[in-house]
Amino acid sequence: MKLYICEPRRYEDCTRAVDELKNRKPVVLNLENVDIDMKKQIFEFIKGAVYALEASIQKISREIFIIAPNNVQIDGQLKEKLEKNYFPWK
């Protein structure tokens, strides 16, 4: 299974994330490089897609989220693993 990483710079860039979600692929959404007004617009769009597609979303950090289609479960311990430097390359 492939994971799509979305780092939008403008509103139009987030549509591919929803397309990947519709194709039942998990998406990492990174909003670190977007101004506050654009973050709100993008997040509202993504929230609507999550609801419509019966997907799930989990916050990883302040501005990074993982979005999973309904055929993928998000392990609730992911955030703790990231905080403890679970991954050696981090």
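This is a predicted model: local features need pLDDT of at least 70, side-chain atom pairs count only at pLDDT 80 or more; totals for chains, interfaces and linings use all residues.
First, the overall layout. The protein chain contains three helices and four strands, and if you follow it along the sequence the order is β-α-β-α-β-β-α. Of its 90 residues, 37% are buried, and the accessible surface amounts to about 6,300 Å², with carbon and sulfur atoms contributing 50% of that area. If we take the contacts with a separation of 6 or more, 46% of them are between residues 24 or more positions apart.

The largest nonpolar core has 18 residues, and the members that touch the most others are Cys-6, Ala-17, Val-27, Leu-29, Ile-42, Ile-46 and Ile-67. Two or more residues come from each of strand 1 (4–6), helix 1, strand 2, helix 2 and strand 4 (64–68), and helix 2 provides the largest share, namely five residues. As a general point, nonpolar side chains in soluble globular proteins tend to be buried together.

How many aromatic pairs does a search of the whole structure find? There are two. One of them joins Tyr-11 and Phe-45 in an edge-to-face arrangement, with 5.6 Å from centre to centre and 65° between the planes. Tyr-11 sits in the loop between strand 1 and helix 1, whereas Phe-45 belongs to helix 2, so this pair ties together parts that lie 34 residues apart in sequence. Both partners are partly exposed, Tyr-11 at 30% relative accessibility and Phe-45 at 28%.

The other pair brings us back to Phe-43, whose ring centre is 4.9 Å from that of Phe-65, and because their planes meet at 45° the pair is classed as tilted. Here too distant parts of the chain are linked, with Phe-43 in helix 2 and Phe-65 in strand 4, 22 residues apart.

Next, please look at Ser-56, which is found in strand 3 and is partly exposed at 28% relative accessibility. The C-alpha atoms of Ser-56 and Ile-67 are separated by 5.7 Å, although these residues are eleven apart along the chain. Not counting residues up to four places away in sequence, Ser-56 touches Val-50, Ile-66, Ile-67, Ala-68 and Ile-74, and Ile-67 was also among the residues I named for the core.

Arg-24 lies in the loop between helix 1 (15–22) and strand 2 (27–30), and Glu-54 lies in the loop between helix 2 (36–52) and strand 3 (56–61). With a relative accessible area of 41%, Arg-24 is partly exposed, whereas Glu-54, at 60%, is exposed, because exposed means over 50%.

Definitions and conventions. Residues are numbered from 1 along each chain as its sequence is written. Side-chain values use heavy atoms; hydrogens and water are left out. Buried means under 20% relative accessible area, exposed over 50%, partly exposed in between (1.4 Å probe, protein chains only). Contact means heavy atoms within 4.5 Å. Accessible areas come from the Shrake-Rupley method with a 1.4 Å probe; for residues, only the protein chains shown count as cover. A nonpolar core is a set of buried Ala, Val, Leu, Ile, Met, Phe, Trp, Tyr and Cys residues joined through side-chain atoms within 4.5 Å. Rings of Phe, Tyr and Trp (its six-membered ring) pair if their centres lie within 6.5 Å; planes under 30 degrees apart count as stacked, over 60 as edge-to-face and the rest as tilted.
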